[in-house]
Amino acid sequence: MKDFRQRELVERARLVIPNGMYGHESVASLPAGFPQFFSRADGASIWDADGNKFVDLMCAYGPNLLGYGNAGVEWAAERQRALGDTSTGPSEIMVKLAEDFVAMIDHADWAMFCKNGTDATSMAMVTARAYRGRRKILLARGAYHGAAPWNTPGLAGIVAEDRAHVIYFDYNDLNSLADAIRGHEGDIAGIFATPFRHEAFANQTEPSLEYAQGVRRVCDELDALLVVDEVRAGFRLSRDCTWSLLGVRPDLSCWGKVLGNGYPISALLGAEKARIAAGSIYATGSFWFSAVPMAAAVETLRQVRETDYLERLTDMALRFRAGVAVQAATYGFGVMQTGPAQMTQILFEDDADLRRGFHWVREALEGGLYLHPWHNMFFCSAMTEADLEVSLTATDRAFAALKAMGNKLPAQSNTAILARIARMTQSAA
C-alpha cells in the first residue's frame, strides 16, 4: 500500500496533537501500517490519505448504518443546511424528530437530544439520580458507557470522588447484582445495562432472558430506573430497543452513533415515569440543537422504518461470518466469532497476546478489508455482493499468510497492547 501522505500527516500531527491522536480512533494499539487519516468514504468503503481503498467493517465505529453518503440522508441534511443549522434556538425539525423517535420505540414517551453517546449516558445517570433523589448507580464490570469521569475506562486525571457512588456487578449474573445492591437498597438511583456484553478484547455474550427480566424486576422493586445503553447496538439488531426482543422495557434508553447516519447527534429516550426527573436536570450544549443533524436523523429513522436495511445488513453479516468460519477450518485455525453477526467480534483461540489476530487483520488490510483485532465490528446496509467478495477474498488471503508463517510468527511487540493485557490480567487476578 502507498503510505507517503499518511506518514507525513502522522509526523505533522505529533507536533500539534498530544500523541498525534487521541481517543478510540487512535491507531496506536493497532498493527503497524494501519492508516490513521482518511480522505473520503462512500457506501461501505473508505479511502485513506494515500487513496488506498478498503471495505470498512468498523463503519466509523458504528455510525455508518445506511452507507456513507446515503443519498436520502445527504439530501435531507442539505435541504436543512440551506435553511439554517445552528441558530439562537432549535428548528421545528427538533419536534418532528422527537415525535418520530418516540413513536418508534415502545418504552419511550419523550426524547432529549445531544451530541455523543457519553452525553446521552451522562444525562441518563443524572436523570436517574434526580428521579428519587438517590446517589448509587450500578454498572456491569468492564461495560463501556462513555468517556466522562464517572465511566471512562482510562483513569488518568480521574479521582476517587468521581466514582464514589458507582457500584459494579458482573454482567448476566443476578446474584452479583444482588450482592452489589445489598446495604444500599434505599439509595439505588439506576441500573445500566448494555443490550449484550460487548467489551473489547473479549468474547461477546448475549444476556439471558432470566437476567434481563431479573434486572427489570429489581428496578421495579427498588423504584430505580433501568437504563439500556443502545449507543453501540441501536438499530443493528432491532427497529426498537434491543431488549424489546426479550420483552423488557427500560425506563431510559441512550442512543447515538447510527441516529444521524454519521451526522453528530445522540439522544436520551424515556418513559413517562421519568419525565419530571428529566425536565429537572440542567443539560445543554452550544451545538446540541443544530438542525442539520436532526434533519439527517429524521431521514435515517424513516429509512429504519420503511426499508429492509436491517434484513440486508443482517444477511451480509451472516454470510461473512459463515465464510470466515469455513476459511478458518480450512486453514486449521480456531477462531471465535461471538456476539450478533451484525456486530461481530473475531478473536483467535490460544492467542493471549493477540499476535495471530494482529497479523491476520494486517494481511486483510493489504487485501482491501479494514478489520479490527480486538474491538467488535459493524455492518452497514450499503454493503454489496462485490464488497462481500472483496471481504472474504481478503480474509482468505490473511488466513493463508498466517498459515505460511507457522511457528515463525513473532510475539506481540505493540507496547499499548501489552500494557492493556497486563492490566486485564492483574484485574482478573
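Trainee: Which residues form one aromatic cluster in this structure?

Mentor: A pair of aromatic rings is described by the distance of the centres and the angle of the planes. Rings of Phe, Tyr and Trp (its six-membered ring) pair if their centres lie within 6.5 Å; planes under 30 degrees apart count as stacked, over 60 as edge-to-face and the rest as tilted. Here, one aromatic cluster is made up of Tyr331, Phe333, Phe348, Trp360 and Phe399. Please note that this is a predicted model, in which local features need pLDDT of at least 70 and side-chain atom pairs count only at pLDDT 80 or more, whereas totals for chains, interfaces and linings use all residues. Residues are numbered from 1 along each chain as its sequence is written, and side-chain values use heavy atoms, with hydrogens and water left out.

Trainee: How many aromatic pairs does a search of the whole structure find?

Mentor: The search returns 17 aromatic pairs. Helices (H or I, at least four residues) and strands (E, at least two) are DSSP runs, numbered from the N terminus.

Trainee: Are Phe54 and Tyr370 buried or exposed?

Mentor: Buried means under 20% relative accessible area, exposed over 50%, and partly exposed in between (1.4 Å probe, protein chains only). Phe54 has a relative accessible area of 1% and is therefore buried; Tyr370, at 6%, is also buried. A stacked pair is formed by Phe201 and Trp374, with 4.5 Å centre to centre and 10° between the planes. Phe201 lies in the loop between strand E7 (188–193) and helix H6 (209–222), and Trp374 in the loop between E13 and helix H11 (385–405), so the pair ties together parts that are 173 residues apart in sequence. Both Phe201 and Trp374 are buried.

Trainee: Which charged ends sit over rings?

Mentor: A charge sits over a ring if NZ of Lys or CZ of Arg is within 6 Å of the ring centre and within 35 degrees of the ring normal. The charged end of Arg40 sits over the ring of Trp47, 3.7 Å from its centre. For Arg132 over the ring of Tyr131, the corresponding distance is 4.0 Å.

Trainee: What is the strand order of the open sheet of 7 strands?

Mentor: Two strands pair if DSSP finds at least two bridges between them. The order is E4-E10-E9-E8-E7-E5-E6, with mixed pairing. E4 and strand E6 (166–169) stand at the edges, each with a single partner strand, so one side of each is left without a neighbour in the sheet. On average, neighbouring strands of this sheet are turned by 20° against each other, direction ignored. The pairing of E4 with strand E10 (residues 266–270) is antiparallel over 5 bridges, and Ser266 in E10 is the bridge partner of Cys114.

Trainee: Which strands does H3 touch?

Mentor: Contact means heavy atoms within 4.5 Å. H3 packs on the sheet against E4, strand E9 (252–255) and E10, and its direction makes about 125° with that of E4. Such axes are lines fitted to C-alpha atoms, for helices over the stretch in contact, and angles run from 0 to 180 degrees between N-to-C directions. The loop between helix H3 (93–104) and strand E4 (110–114) contains Asp106, which touches Asp240 and Arg249, not counting residues up to four places away in sequence.

Trainee: How many salt bridges does the structure hold?

Mentor: A salt bridge is a side-chain nitrogen of Lys or Arg within 4 Å of a carboxyl oxygen of Asp or Glu. The structure holds 24 salt bridges. One of them joins Arg81 to Glu78, the closest N and O atoms being 2.3 Å apart. Arg81 and Glu78 are 3 residues apart in helix H2 (residues 71–83), so about one helical turn separates them. Arg81 is partly exposed at 39% relative accessible area, and Glu78 is partly exposed at 43%.

Trainee: Where do Arg216 and Asp251 lie?

Mentor: Their side chains meet in a salt bridge of 2.9 Å, N to O. Arg216 is in helix H6 and Asp251 in the loop between E8 and E9, so the pair ties together parts that are 35 residues apart in sequence. Both Arg216 and Asp251 are buried. A network of salt bridges links Arg216, Asp220, Asp251 and Lys273.
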